[in-house]
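Colleague: Could you take me through one part of this model in some detail? I'd like to look at the place where the two chains meet, and then at the chain on one side of it.

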Amino acid sequence: MLEEQFKLKVGLAEMLKGGVIMDVTNAKQAKIAEDAGAVAVMALERIPADIRADGGVARMSNPKMIREIQKEVTIPVMAKCRIGHFAEAQVLQTLGIDFIDESEVLTPADEDNHIWKHDFKIPFVCGCRNLGEALRRISEGAAMIRTKGEAGSGNIVEAVRHMRRVQAEIKHVTTLDKHERVAFAKNIGASLELVQYVAEHGKLPVPNFAAGGVATPADASLMMQLGAETVFVGSGIFKSSDPEARAKAIVLATTHYDDADVVCKASESLGEAMPGVEISSIPENEMLQNRGW
Amino acid sequence: MASIGVLALQGDFEKHGQAIERLGHTPVPVKNGDDLKGCDRLIMPGGESTAILKLIERLDMRTVLSDFIGSHPVFGTCAGLIMLAREADRLPAPPFAAIDIRVRRNAYGRQIDSFVDTVTIDLDGQERKMEAVFIRAPKIVALGPGVTVLGRHGKDIVLVREKHVMAASFHPELTADGLLHDYFINKL
């Protein structure tokens with residue numbers, strides 16, 4: 001039964017590959033995203049850039065808004081719950097959400113524990129900055145991993161750092177002999193079983209997506225070329241001057257990430273990208289990626 | 001050894017690629033019209049049918065795909081079945097109408113209603129049981145006289161064939177059983 005559940009959860013993540021998942025805050029934006037070719041939408045009350053600007057506690061979205069979005073589109077609808085807030089996750093499951101993001105973008109509800117995701121029928125995606133964090137979330141039942149990046153920054157540098165780190169550690173694991181894998185598992189705080197899996201397969205046991213700072217078609221292409229299998233775009237679309245055109249362009253650039261001609265054409269005639277912030281100008285205690293472990 | 005094109009605009013095309021490789025054939029990811037040139041057959045994978053159809057239109061691939069589908073064996077799974085159907089609901093562009101079936105999308109419900117179960121397959125007069133993964137799956141709600149039923153889940157028709165076109169509402173690429181890929185590549 002557990003294995004069946006895992007197959008279904010990872011199976012849906014497989015269906016989203018090569019696509020773009022877009023943050024939306026209402027049914028109208030969801031429709032724009034679907035029309036632009038998004039493979040799924042992430043329903044949330046405020047996009048990360050606004051959460052960053054407004055401050056205060058960021059929570060799960062209002063179920064009414066989520067229902068409106070579910071009615072509007074046929075593609076999967078995802079939603080975020082706070083780290084450790086399993087009651088919010090239960091509500092999202094009741095709503096029939098297709099994927100739950102236990103997300104550092106919202107204010108954490110539990111600073112010590114993440115949700116035990118095996119308890120849910122709905123698949124979860126979780127953010128990570130390195131292999132240890134990725135494997136801990138998979139142990140808890142995550143069916144998809146994404147980079148944390150730095151949400152709402154419009155700056156790709158952190159997503160690149162996290163993707164490169166995960167890929168480099170995966171490569172490193174494949175060079176370790178059996179004795180060394182045990183010490184490695186201990187050092188990164190991950191289960192030996194999952195470290196063995198990565199050593200033998202050279203990849204994570206679940207799809208690995210990119211998120212946190214994607215603002216342009218070239219950003220999407222970069223993350224795909226670094227090994228991401230799908231791209232989440234948060235503030236990058238609806239904080240730009242021309243959401244519709246930008247959404248379409250990022251979809252094209254993700255499909256044809258390895259064809260610079262297509263990425264070039266997709267980048268032309270777009271208006272202003274979201275402004276973006278220099279990471280070093282964000283105070284340490286306001287860095288979203290440091291939430292969760 | 002055959003070259004099997006797999007439409008790779010979006011979806012689980014890699015999983016189909018692996019199934020093709022396990023049978024000793026070569027998968028060819030198809031991202032534009034030219035990629036089809038060396039292909040003997042084509043698989044339309046699972047994924048999001050709305051997103052894939054949008055991309056087909058935007059990349060100007062409809063005519064070249066339509067021509068290929070008209071003259072070569074084609075296998076569609078889940079979203080692929082929707083795209084090959086004569087008719088399906090709530091799509092941004094018409095499907096390819098390569099097989100005379102009417103399809104209701106997400107007919108079982110949302111992800112929480114996705115399931116794994118045993119289906120009965122009959123490709124050659126011999127019934128076989130097979131594990132099948134249904135993810136936000138469509139249902140075939142009507143079929144024309146030229147369509148042969150090759151598989152059922154309870155009363156639901158889940159695998160069909162019309163001439164050189166075959167379609168499944170589940171995901172044979174997500175299970176290890178290579179029966180349907182073998183049939184598609186070697187017998188269709």
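**Where chain B meets chain A**

Modeller: Happy to. The contact draws on 34 residues from chain B and 40 residues from chain A. Keep in mind that this is a predicted model.

Now for the charged and polar pairs. Between chain B and chain A there are 6 salt bridges. One to click on is A:Asp98 with B:Arg110, a salt bridge whose closest N and O atoms are 3.0 Å apart. Polar contacts across the interface of chain B and chain A come to 20 residue pairs, with both residues at pLDDT 80 or more.

Which elements of chain B each supply at least two residues of the side that touches chain A? They are helix H1 (13-22), helix H2 (49-58), strand S7 (115-122) and strand S8 (127-134). H2(B) gives the largest share of that side, with 5 residues. Sorted by class, the side of chain B that touches chain A holds 13 charged, 11 nonpolar and 10 polar residues.

Let's step back to chain B as a whole. Its secondary structure comprises 5 helices and 12 strands. The C-alpha trace of chain B spans about 40 × 40 × 35 Å along its principal axes. Its radius of gyration is 15 Å, which agrees with the value near 16 Å that a compact globule of 188 residues would have. Of the 188 residues in chain B, 57% are buried. If you take contacts in chain B between residues at least 6 apart in sequence, 64% of them join residues at least 24 apart.

Two backbone spots are worth a look while you're there. Most residues other than glycine have a negative phi. B:Asp60 is not a glycine, yet it has a positive phi of about 60°. You'll find B:Asp60 in the loop between H2 and helix H3 (62-71) of chain B. B:Arg136, also not a glycine, has a positive phi of about 45°, and it sits in the loop between S8 and strand S9 (139-143) of chain B.

Are these two buried or exposed? B:Asp60 counts as exposed because its relative accessibility is 68%, over the 50% cut-off. B:Arg136 has 6% relative accessibility, so it counts as buried, the cut-off there being under 20%.

Definitions and conventions: Residues are numbered from 1 along each chain as its sequence is written. Chains are lettered from A and ligands numbered from 1 in the order in which they are written. This is a predicted model: local features need pLDDT of at least 70, side-chain atom pairs count only at pLDDT 80 or more; totals for chains, interfaces and linings use all residues. Side-chain values use heavy atoms; hydrogens and water are left out. Contact means heavy atoms within 4.5 Å. A salt bridge is a side-chain nitrogen of Lys or Arg within 4 Å of a carboxyl oxygen of Asp or Glu. A polar contact is a pair of N or O atoms within 3.5 Å; within protein, one must be able to donate a hydrogen and the other to accept it, and residues adjacent in sequence count only if both atoms are side-chain atoms. Helices (H or I, at least four residues) and strands (E, at least two) are DSSP runs, numbered from the N terminus. Ala, Val, Leu, Ile, Met, Phe, Trp, Tyr, Cys and Pro count as nonpolar, Asp, Glu, Lys and Arg as charged, and the others, Gly among them, as polar. The radius of gyration is taken over C-alpha atoms; the globule rule is 2.2 Å times the number of residues to the power 0.38. Buried means under 20% relative accessible area, exposed over 50%, partly exposed in between (1.4 Å probe, protein chains only).
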